[in-house]
Amino acid sequence: MKAAVLYGPGDLRIEEVAKPQVDPESVLIKIDSVGLCGSDIRTIGFGHHRIKYPQILGHEITGMVVETGGAVEGYSLGERVYVSPIVPCLKCRACQKNWYSQCENFTVPGTTIPGGFAEYMLLPKSILERGQVIKIPEGMTYEQAVMTEPLSSVYAAQENADVKLGNIVVVIGLGPIGCMHIQTAKLRGAVKVIAIEVLDSRLELAKSFGADEVINSNNADPVSEVKRLTDGWGADVIISANPSTLAQRQAIEMAAKRGKVVFFGGVKKGALTEIDSNIVHYNQLMIIGHYGYDHIDNFNSFQLIATKKFEVDQYITHVLPLEEIHKGVELTQRGEAIKVILKP
Ligand SMILES: [Zn+2]
Ligand SMILES: [Zn+2]
């Protein structure tokens with residue numbers, strides 16, 4: 001079968017590999033649509049500390065059941081499924097606390113086992129038992145189901161930060177994740193969402209996702225602009241969804257009293273963010289780190305998309321054959337694509 005295999009940082013090859021064989025306890029799916037995630041792009045370029053090479057990447061997975069092992073129950077041929085890539089070990093201390101996103105030992109398709117950038121993928125017993133394989137209902141496309149993965153992380157972050165009715169929310173960084181944050185904050189009842197970016201095209205886009213105000217941080221000081229747009233008060237929740245330490249510092253400076261600052265995006269390894277801790281102290285700010293999501297976030301995100309409460313079609317700007325994955329990476333890096341979906 002055809003697959004995109006990563007041999008090391010910067011060395012991604014499209015090649016023929018053996019089709020996986022079903023054992024009695026696994027299910028084989030034929031991949032239909034698989035998302036190209038920002039984290040895939042980072043891994044393709046720079047590797048990942050947990051990856052086992054050579055590896056088939058791809059963790060935003062949908063497909064059709066084409067073969068089931070003799071001992072497998074609950075799956076039938078022709079069923080369309082979405083596969084969540086978080087498979088917790090259920091044994092480590094974090095799992096004991098039900099903090100699956102912090103599992104010290106998780107299995108991740110596309111990182112620790114072969115993922116979805118291939119014609120077929122095996123769903124081993126661990127995924128069937130401890131992962132989340134959700135059947136795609138009629139009326140929901142594969143492409144829409146793919147968007148569950150990025151939305152899960154956004155959903156989890158806003159649950160943790162408790163974004164709610166009446167909040168003023170700032171989102172810094174308008175990739176697909178930033179745009180999902182805008183849309184989610186509006187759904188949760190934010191009265192004003194302010195979007196900050198350096199690309200004008202992205203700021204225009206942010207308005208279509210519901211941003212009430214936009215600021216180009218290359219042309220204006222985002223801290224004073226947020227203060228101006230909030231009568232000097234600042235924002236209740238600021239989500240930094242980008243890799244900049246400056247943005248993290250500014251996020252703290254633009255917070256309202258008792259505001260919450262979410263560090264959603266990771267920064268370069270070892271980079272330090274300088275903050276005025278007196279602002280945190282006197283204004284009683286809460287700084288919240290965010291990473292990943294748990295099963296409940298994944299399930300709820302899937303439901304939001306399936307019921308069309310959260311519209312995802314406008315994110316999907318490019319659907320490309322798997323062979324054109326390099327083009328997909330370039331389109332995303334240039335900011336031309338919001339979300340690229342690959343078809344093996
Ligand atoms: Zn992803
Ligand atoms: Zn665990």
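The questions and answers below take up these topics in turn.

This is a predicted model, in which local features need pLDDT of at least 70, side-chain atom pairs count only at pLDDT 80 or more, and totals for chains, interfaces and linings use all residues. Residues are numbered from 1 along each chain as its sequence is written, chains are lettered from A and ligands numbered from 1 in the order in which they are written, and side-chain values use heavy atoms, with hydrogens and water left out.

Me: Is the arrangement of the four donor atoms around the zinc ion (ligand 2) tetrahedral or irregular?

Reply: Donors are N, O and S atoms within 2.8 Å of the metal (3.2 Å for Na, K and Ca); water is not among the atoms, so sites may look incomplete. C89 (SG), C92 (SG), C95 (SG) and C103 (SG) coordinate the zinc ion (ligand 2) at 2.3 to 2.4 Å, with the spacing C-x2-C-x2-C-x7-C in sequence. Four donors count as tetrahedral if all angles lie between 85 and 135 degrees; four count as square planar and six as octahedral if opposite donors are over 155 degrees apart and all others between 65 and 115; anything else is irregular. The angles here are 102 to 118°, so the arrangement is tetrahedral.

Me: What arrangement do the four donor atoms around the zinc ion (ligand 1) have?

Reply: The protein donors are C37 (SG), H59 (NE2), E60 (OE) and E149 (OE), at 2.2 to 2.4 Å from the zinc ion (ligand 1). Along the chain they are spaced C-x21-H-E-x88-E. Their angles run from 83 to 156°, so the arrangement is irregular.

Me: Is C37 buried or exposed?

Reply: Buried means under 20% relative accessible area, exposed over 50%, and partly exposed in between (1.4 Å probe, protein chains only). The relative accessible area of C37 is 14%, so C37 is buried.

Me: How many disulfides does a search of the whole structure find?

Reply: A disulfide is a pair of cysteine sulfur atoms within 2.5 Å. For C179, the nearest cysteine sulfur is that of C37, 14 Å away, and C179 is in no disulfide. Over the whole structure the number of disulfides found is zero.

Me: Which residues line the largest cavity?

Reply: On a 1 Å grid over the protein atoms alone, a cavity is a set of points where a 1.4 Å probe fits but cannot get out; lining residues have an atom within 4 Å of a point. The structure holds one cavity of 30 Å³ or more. The residues lining the largest cavity are Q144, I305, K308, F310, E311, V312 and D313.

Me: Which peptide bond is cis, with omega near -15°?

Reply: P54 sits in the loop between α1 and β4 (55–56); helices (H or I, at least four residues) and strands (E, at least two) are DSSP runs, numbered from the N terminus. The cis bond with omega near -15° is the one from Y53 to P54.

Me: Is R258 buried or exposed?

Reply: R258 belongs to strand β13 (residues 255–263), and its phi is near 60°, a positive value in a residue other than glycine. The relative accessible area of R258 is 60%, so R258 is exposed.

Me: What is the phi of Q284 near?

Reply: Q284 lies in the loop between α10 (277–282) and β14 (286–289). Its relative accessible area is 47%, so Q284 is partly exposed. Q284 is a residue other than glycine with a positive phi, near 55°.

Technical notes. On a 1 Å grid over the protein atoms alone, a cavity is a set of points where a 1.4 Å probe fits but cannot get out, and a pocket is an open set with protein on both sides within 12 Å along at least five of seven lines; lining residues have an atom within 4 Å of a point. Grid points are joined across faces, edges and corners, and a volume is the space filled by probe spheres set on the points.
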